[in-house]
2 protein chains.
Amino acid sequence: MYEMHFAVPMAGAVLNTINTRLDAKAVVAILRHSEAKLFFVDYQYVRLASDALQLVADSGAPVPLVAVIDDIDTPTGVRLGELEYEGLVARGDPAVELPLLTDEWDAVTLNYTSGTTSAPKGVVYSHRGAFLSTTSLLLSWGVSTEPVYLWTLPMFHCNGWTFTWGMAARGGVNVCIRDARAADIYCAIARHGVTHLCCAPVVFNILLEGDAATKLASPVSVLTGGAPPPAALLESVERIGFRVTHAYGLTEATGPALACEWRNQWDSLPLQERARLKARQGVRVLSLADADVKNADSMASVPRDGKTVGEIVLRGSSVMKGYLNNSEANDSAFRGEWFLTGDVGVVHADGYIEIKDRSKDVIISGGENICSKEVEEVLFRHPAVSDAAVVAMPHPHWGETPCAFVVAKDKAAGVCEDDVLAFCRKHMSRFMVPKKVVVYDALPRNALGKVEKVKLRDEARKLAPPLPALKTKGKTTNATTVGGRRSEHPVAHVMAISRL
Amino acid sequence: MYEMHFAVPMAGAVLNTINTRLDAKAVVAILRHSEAKLFFVDYQYVRLASDALQLVADSGAPVPLVAVIDDIDTPTGVRLGELEYEGLVARGDPAVELPLLTDEWDAVTLNYTSGTTSAPKGVVYSHRGAFLSTTSLLLSWGVSTEPVYLWTLPMFHCNGWTFTWGMAARGGVNVCIRDARAADIYCAIARHGVTHLCCAPVVFNILLEGDAATKLASPVSVLTGGAPPPAALLESVERIGFRVTHAYGLTEATGPALACEWRNQWDSLPLQERARLKARQGVRVLSLADADVKNADSMASVPRDGKTVGEIVLRGSSVMKGYLNNSEANDSAFRGEWFLTGDVGVVHADGYIEIKDRSKDVIISGGENICSKEVEEVLFRHPAVSDAAVVAMPHPHWGETPCAFVVAKDKAAGVCEDDVLAFCRKHMSRFMVPKKVVVYDALPRNALGKVEKVKLRDEARKLAPPLPALKTKGKTTNATTVGGRRSEHPVAHVMAISRL
């Protein structure tokens, strides 16, 4: 996938990296909507790809050419489709004159934020936007020459927050692991002298797991997003030797759009105060012309008082070109030059932006965005369900997971939770499946008939599993204790809104 | 001048910073050619500006509005023209809505590389080019947040190699000193905790002067250009605690275009080898689409063999828009998209470019470019001179100075060197005045009648003053000894070609 980030654009084509956690139906929706011509399949995903291709063929839609990528160290011999990657590369002509880009606004990549609805949202990046975002994220994170970068963040997330290209720009080494397991991470850090990695704060839990979590030989810079790092986690990982930078972004902004640029004068503050400052989403990266918090009606900027809320809006070349073939979504995403993030925040006196309320209908589970509407659509299709609503439930490991509230068609017969879960597992990607199903007689609705999700979120918080024990200062501390801090920035609240 | 880098573009105007080492006539040529509307004058340059304005008025050309900038700490009360800077600022309206830039290719600044000839060369930068160059130079130099930057490099040189804007982009502190004197530099470093500075290698001599040159409390990053840092100087300043990065550029490329990006694996090499690698001009900064060495006739790239010479050519958004109102110079500077630097170089196997031969007719003296043709034009106007040629002469402090070869109109009467020098001082900026005038019976000319400057350069090298004693390892070492190195990269040779 790393090579594809260069080969595909250089061939004049558009790269569409597909989330490996999706199920076959979601993959089909993406293949069809993107009208993919060539489909590269890693050997570990041959089964998933094969199922998806069968469904494409069954639907009568054009089936793309397929090239399988075998394991380069220990080839498995598995094949799918007409082509095999290394053989394809060997047939290339190194002397070929590649066409120069004629329009910098041409599309370079396509990233789906949602794939299973009738109108998938495929975010299109331009070469220009990708270049600008790449260089300014390197600057915001302070990546100097010859970094050694560990791929804990999947490359299918906003093209690895642009660090696919960024590592090449800094002459970096790319260290790839199949799974973000503690043992693999620490082994890679020690073996390759890793200097940088990106991850959602959910990975901090992995970094602190068991015996693997030992003091690093030299510091590793971590760029995190998807949620502000909670104080307790921050303290624990920083003590081991990770230096955490917090950024905020979303697929539509080509990854991080704001970075909480650290000021040296904050170094001497107490941990809680440092964590509070670091939990803020920050200031715009240089590739954005502007980031602001505005009153969505008047589009007037809110005062820098840390109190007046408004919508976080972004403007600049690194904002997506738009959603592919989805004029409805495009119309509602932009107001003039401004992209509306849907996130509600404030601006502090020092210009740093902080999110105060969640974007509607997005649940972030282990760094993956889940659209609650998509889960609801599946629930409505269950024969025993008459009404359904899905909200985020705090989760000790995943940050958030979907929690479903359903109403039975037949009150007497009711609805079986296991039955609903089995139905979900069959009809959606695994990571989207609710961890909890609650049966109500009726969903709480306001006078206009709209489901009062605020009430459901309160309920979900009560149902959430307890927070885990965290190792702090060598002894075991219950995170709910140090998490007095968390009532201010409850995980349930923040994990869902600072999405990447 | 720092404030002007923001205020002028934000007002929708174009900033033209004038070299303070120019004389009144050169300033007049710039004011007239640029058609300046508003002329800001620092209190130390009131005399020079006043002379220039009188000459503009005498010529019948429109006289710009004048605003004097007094010393902010200890006002002198000196006034010139209608306006005074602080008063002007006080009259500003902080609530004014500034116009947004409508075309990123609009001019942002104008920088004259030559001002006294009939066709001055005013290099025009675009907003786009300045932005890209700024961000990519911050990356190339590895400037992280909150740098403390000492202005040893004048801001009138390519807008301070873009670090005027760059320091704002990194939240930096700007430390300004009036003159780059050793005592002032070390005082500023100690007082403000300077982390970064830019300078020509000529300033290294200043850094090593007398008692001031003491071990730094913490390292200071130095970006140098205008010439590769010679091994002896490099060793001496790095021992004190300066970390030197070598870059190559020219006004037309918005400052540095190549940077000799250091590879960690070179750290363990012996000094001479490190100096040899660091003396190379390097690889393109990211704002350039391409930098190459090409056969100027066929425009084919030379092989990466470190031997085949060609012309260094640049292509990309940070190359100037062009010379203002000078179509002749524009026609010869570009071939299609490629800007021709006039410098001759090779490409090494690792892709690093190294200059091998000088750009014609440019003498670099203390970091200032002198066009030999401009000096010759003045000499030709001397009543006793019938023929004249000017070449670079190595100089222990300035790197190079102009050396004039003249022929007397009246062989019997001859030409007096002092008389010629006095004439030069009257008709050109002080830094352009030759340090040596040699009287010949006839200039060496080839069959086509062209002056054989190669022969004159050889002669000038013989006439050059001896290289100075350098303090190394606490004891005094004669630089000509360590300068065995220098025969490979003689100062006379390199100072003139790696120009900034």
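Student: Into which domains is chain A divided?

Tutor: In this predicted model, chain A is split into domain 1, covering 1-100, domain 2, made of 103-357 + 492-500, and domain 3, spanning 362-465. Taken over C-alpha atoms, the centres of domain 2 of chain A and domain 3 of chain A are 28 Å apart.

Student: How many helices and strands does chain A have?

Tutor: The secondary structure of chain A amounts to 18 helices and 26 strands. Its radius of gyration is 23 Å, close to the 23 Å that the globule rule gives for 500 residues, so chain A is as compact as a globular protein of that length. Along the principal axes, the C-alpha atoms of chain A occupy a box of roughly 65 × 60 × 50 Å, and 55% of the 500 residues count as buried.

Student: Turning to chain B, is Trp141(B) buried or exposed?

Tutor: A residue counts as buried when its relative accessible area is under 20%, and because Trp141(B) has a relative accessibility of 7%, Trp141(B) counts as buried. Trp141(B) belongs to helix H5 of chain B, which comprises residues 127-141.

Student: Which residues does Trp141(B) touch?

Tutor: Leaving aside residues up to four places away in sequence, Trp141(B) touches several residues, among them Tyr149(B), Phe163(B), His196(B), Cys198(B) and Thr245(B). As for C-alpha atoms, those of Trp141(B) and His246(B) are separated by 9.3 Å, although the two residues are 105 residues apart along the chain.

Methods
Residues are numbered from 1 along each chain as its sequence is written. Chains are lettered from A and ligands numbered from 1 in the order in which they are written. This is a predicted model: local features need pLDDT of at least 70, side-chain atom pairs count only at pLDDT 80 or more; totals for chains, interfaces and linings use all residues. Side-chain values use heavy atoms; hydrogens and water are left out. Helices (H or I, at least four residues) and strands (E, at least two) are DSSP runs, numbered from the N terminus. The radius of gyration is taken over C-alpha atoms; the globule rule is 2.2 Å times the number of residues to the power 0.38. Buried means under 20% relative accessible area, exposed over 50%, partly exposed in between (1.4 Å probe, protein chains only). Domain bounds come from an automatic or database domain assignment. Contact means heavy atoms within 4.5 Å.
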